[in-house]
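Thank you all for coming; today I would like to walk slowly through one structure with you. Please have the sequence and the picture open as I put them up.

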Amino acid sequence: MTGAALAALAGLAFLLGGCAGHKEAVRPEVVWPLPPEKPRVKFVETIRSSTDAAPRRGHGFMDLLTGGDSATGLTKPYGIHVDNEGRLFVADTGWRKVLVFDFPHQSFWFLGVDGLGALAQPVGVDTDDAGRIYVSDAAQARVVVYDHDGRYLNAFGGREHLAKPVGLAVDSGRQRVYVVDTKGHKVAVFGLDGTFIKSFGSHGPEDGAFNWPTNVAVGPKGNLYVVDMLNFRVQVFNPEGEFLWKFGGIGRGFGQFSKPKGIALDPQGRIYVADAAFNNVQIFDGQGRLLLFFGGMGTGPGQFWMPAGVAAGPDGRIYVADQFNRRVNVYEVIKYPDDPVVAKER
């Protein structure tokens, strides 16, 4: 991207338009950057409540679930994940539950309501290739595991290994779960069965150390991308936790961070980092070079108020938890036939 193009991005504003349900298009289009630049990211829709997954057709099951006629809305979404079936999982710290939007089956349900699998402060959520659901609970210092349909299976971690778990990521191929311990300034590594393997990291500014890390994503090569929030950077490690490289830094310039939170990688190797203070999402290539950013402070379509978790869905769309606007925003990366290949991860 040229310097002129980057400079043009600094003043991005975007058109106002109405919000729509999950199945409706948004008009007029909201894109980044604005014309005459070629659009690269398009705002698609907003997900706010149970009706976006299960449209109401009069009284019935949803009334029994919610205790009345009103839809079940998001209150403070943080961690999000989209599984291979297209189901959206939202760890909502206001509800103290995970809200499941099963779009393929037009259903909605809660995860972690009661029993051994009851949640207190769900923050991170991911699934493995077998369909098991993993949820980190910051208040209970544990990871809770459910089967595909939300039935409790087991829990692991505990105060012995975790102080305050937040983001997590599952690597099914290596049979591992990586859990970011923000208070412990480390990443804990477990087997899929919950067996503790190791942890890496310590408190500090050095390479490989952390200062209140938040979230983690697994790249195509199995490398780990950890958001090191108060060191204002993303650090990259190999699957064994050995430091490889980093990008970012404190500041208001292109590719810098103020309060980075969520992170995701898409199949093309692009890296998405949500910054809660900038109220945007920055897109980097696999070498850590800034490609574009989108969003901005506000309540309109595609805007943010303290964004948190980011997820790359199997449909190619990007899902962002918009915390204080109580919603999830959905975006699409626009592809063109003459686009160059995105630089792969190091």
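How many of the 6 residues of strand S5 (residues 97-102) are buried? The answer is that 6 of its 6 residues are buried, where buried means under 20% relative accessible area, computed with a 1.4 Å probe on protein chains only, and where a strand is a DSSP run of E with at least two residues, numbered from the N terminus.

Before I go on, a word on the source: this is a predicted model, in which local features need pLDDT of at least 70 and side-chain atom pairs count only at pLDDT 80 or more, while totals for chains, interfaces and linings use all residues. Residues are numbered from 1 along each chain as its sequence is written, and side-chain values use heavy atoms, with hydrogens and water left out.

Let us return to S5. In a regular strand the side chains alternate between the two faces of the sheet. In S5 both faces are covered, with Lys 97, Leu 99 and Phe 101 buried on one side and Val 98, Val 100 and Asp 102 buried on the other. S5 is joined by 5 bridges to strand S4 (residues 88-92), running antiparallel, and strands are said to pair if DSSP finds at least two bridges between them. Within that pairing, Phe 89 stands opposite Val 100. S5 is also joined by 5 bridges to strand S6 (residues 107-111), again antiparallel, and here Asp 102 stands opposite Ser 107.

My second stop is Asp 181, which is found in strand S12 (residues 176-181). What is the nearest side chain of opposite charge to this buried residue? It is Lys 186, 4.3 Å away, and Asp 181 has no salt bridge, a term that requires a side-chain nitrogen of Lys or Arg within 4 Å of a carboxyl oxygen of Asp or Glu. The side chain of Asp 181 does, however, have a polar atom 2.7 Å from the backbone nitrogen of Ala 163, and it reaches the backbone nitrogen of Lys 164 at 2.9 Å.

Thr 182 lies in the loop between S12 and strand S13 (186-191), and Thr 182 is buried, with a relative accessible area of 9%. A polar atom of its side chain lies 2.9 Å from the backbone oxygen of Pro 213.

Notes:
Helix = DSSP H or I, 4+ residues; strand = E, 2+ residues; numbered from the N terminus. Buried < 20%, exposed > 50% of the residue type's maximum accessible area, 1.4 Å probe, protein only. Lys, Arg positive; Asp, Glu negative; His and termini not counted. Polar contact = N/O pair within 3.5 Å; in protein donor to acceptor, adjacent residues only side chain to side chain.
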